[in-house]
Protein chains: 2
Amino acid sequence: MYKKEVRVIGIDDSPFDKRVKGDTLVIGTIFRGGSSLDGIVSTKVRVDGNNSTEKISAMVERSKWKPQLQCIFLDGIGFGGFNVIDINELHKKTSLPVIVVVRRMPDKDNIIKTLRKIGMEDKIRFIEEAGEVKKAGRIYIQHVGITFSRAKELLKICCTHSLIPEPIRVSHIIASGVKLGESKGRV
Amino acid sequence: MYKKEVRVIGIDDSPFDKRVKGDTLVIGTIFRGGSSLDGIVSTKVRVDGNNSTEKISAMVERSKWKPQLQCIFLDGIGFGGFNVIDINELHKKTSLPVIVVVRRMPDKDNIIKTLRKIGMEDKIRFIEEAGEVKKAGRIYIQHVGITFSRAKELLKICCTHSLIPEPIRVSHIIASGVKLGESKGRV
């Protein structure tokens, strides 16, 4: 059984202008379960680039909260557009369970078609290897390094103010609020 | 009596390099009392400049949460170094009570001496007119547009995870974490 104060990190990226290539801000928020914010970390990833796995695992690894962390929550697996994260590599590099959270069942075939069309076939395997998307309550998850039942246990603790884990909700608010001047979106 | 879910905003600035003139990031975090984060807003103020009152009141005014807000908490009255806020003007512009929170009794004489030394005599009146610094539990506050007893009532609701109001604690974490890559300091 996880403690109510289990330390977790939730990661989201900021909105960006698709017409401009460059870096976009990524925020990781460290929570005690679903109640108290302990700290935040930040990094930048290349829009439509290839460095999200490397940059995000380095951000988690160097954090002072690393020794306490018990799980990484990701808001989807595309950071900075098509800078797709290899969640198996992220799990291997950090030795932490990774849970990807999305609100709707992703259209995998369409994503793969798009990656082919824009010449990013090399990223299709990150999508394939991220595993089955499973319904968990009213949201959908993929999980690595943790069983489905343990993942659902963590969600129960961390989803306190909305359908999604609190550290993802707050990272989304911070990333958009810093970038746009005011936080946006359904959170 | 305030409700437990009373909407408040807590504002703090980010760390900056004193040798470099320029803007520094300011974060406002909107909370329901001391429990749930509703959103954030951000702006920039000039290090040692004169625009903090104007920039911060505009940030609060344009926010979509403005109609619900019942109080502004400030982490001290110097934003971006000696860009001192005129809290009476901030109160007037936003029609909201303003509560300044500090951890230690400020050395007013020394601050005034410093402002004279660096040729910022014009800001001394903001310090004088901010009113008496009063002990409220284990912290110190100044207040405008609200009585001392009502201010203490709000503090009781909003100081849930530390001595200071949760929206100030979280704004501090966000501002330093976005600027430095990892949040720092005693919060």
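Biologist: At roughly what angle do the axes of helix 1 and helix 2 of chain A cross?

Modeller: The model is predicted: local features need pLDDT of at least 70, side-chain atom pairs count only at pLDDT 80 or more, and totals for chains, interfaces and linings use all residues. Residues are numbered from 1 along each chain as its sequence is written, while chains are lettered from A and ligands numbered from 1 in the order in which they are written. Helices (H or I, at least four residues) and strands (E, at least two) are DSSP runs numbered from the N terminus, and axes are lines fitted to C-alpha atoms, for helices over the stretch in contact, with angles from 0 to 180 degrees between N-to-C directions. The axes of helix 1 of chain A and helix 2 (residues 87-94) of chain A come within 10 Å, and the crossing is at roughly 30°.

Biologist: Which residues of helix 2 of chain A make the contact with helix 1 of chain A?

Modeller: Two residues are in contact if their C-beta atoms, placed from the backbone, lie within 7 Å. Helix 1 of chain A contributes A:T53, A:I56, A:S57, A:V60 and A:E61, and helix 2 of chain A contributes A:E89, A:L90, A:K93 and A:T94.

Biologist: How many bridges join strand 2 of chain A to strand 3 of chain A?

Modeller: The two strands form a hairpin with three residues between them, and A:G33 in the turn has a positive phi of about 55°. Within the pair, A:I27 has A:S42 of strand 3 of chain A as its bridge partner. The strands run antiparallel, and the number of bridges joining them is ten.

Biologist: Is A:C159 buried or exposed?

Modeller: A:C159 is placed in the loop between helix 5 and helix 6 (166-180) of chain A. Leaving aside neighbours within four places in sequence, its contacts are A:G34, A:I164, A:P165 and A:E166, and A:G33, 126 residues away in sequence, is 8.5 Å away in space, C-alpha to C-alpha. A residue is buried if 20 or more other C-beta atoms, placed from the backbone, lie within 10 Å of its own, exposed if 12 or fewer, and partly exposed in between. Because 20 other C-beta atoms lie within 10 Å, A:C159 is buried.

Biologist: What is the value of phi at B:S95?

Modeller: B:S95 lies in the loop between helix 2 (87-94) and strand 7 (98-102) of chain B. With 10 C-beta neighbours inside 10 Å, B:S95 is exposed. Although B:S95 is not a glycine, its phi is positive, at about 55°.

Biologist: Which element gives the largest share of the side of chain B that touches chain A?

Modeller: In this interface, 18 residues of chain B are in contact with 18 residues of chain A. The elements giving two or more residues to the chain B side are strand 3 (36-46) and helix 6 (166-180) of chain B. The largest share, seven residues, comes from strand 3 of chain B.

Biologist: Which residue of strand 9 of chain B stands opposite B:K134?

Modeller: Strand 8 of chain B is joined to strand 9 (residues 139-144) of chain B by three bridges, and the two run antiparallel. The residue opposite B:K134 in strand 9 of chain B is B:I141.

How values were computed:
Pairing = 2+ DSSP bridges.
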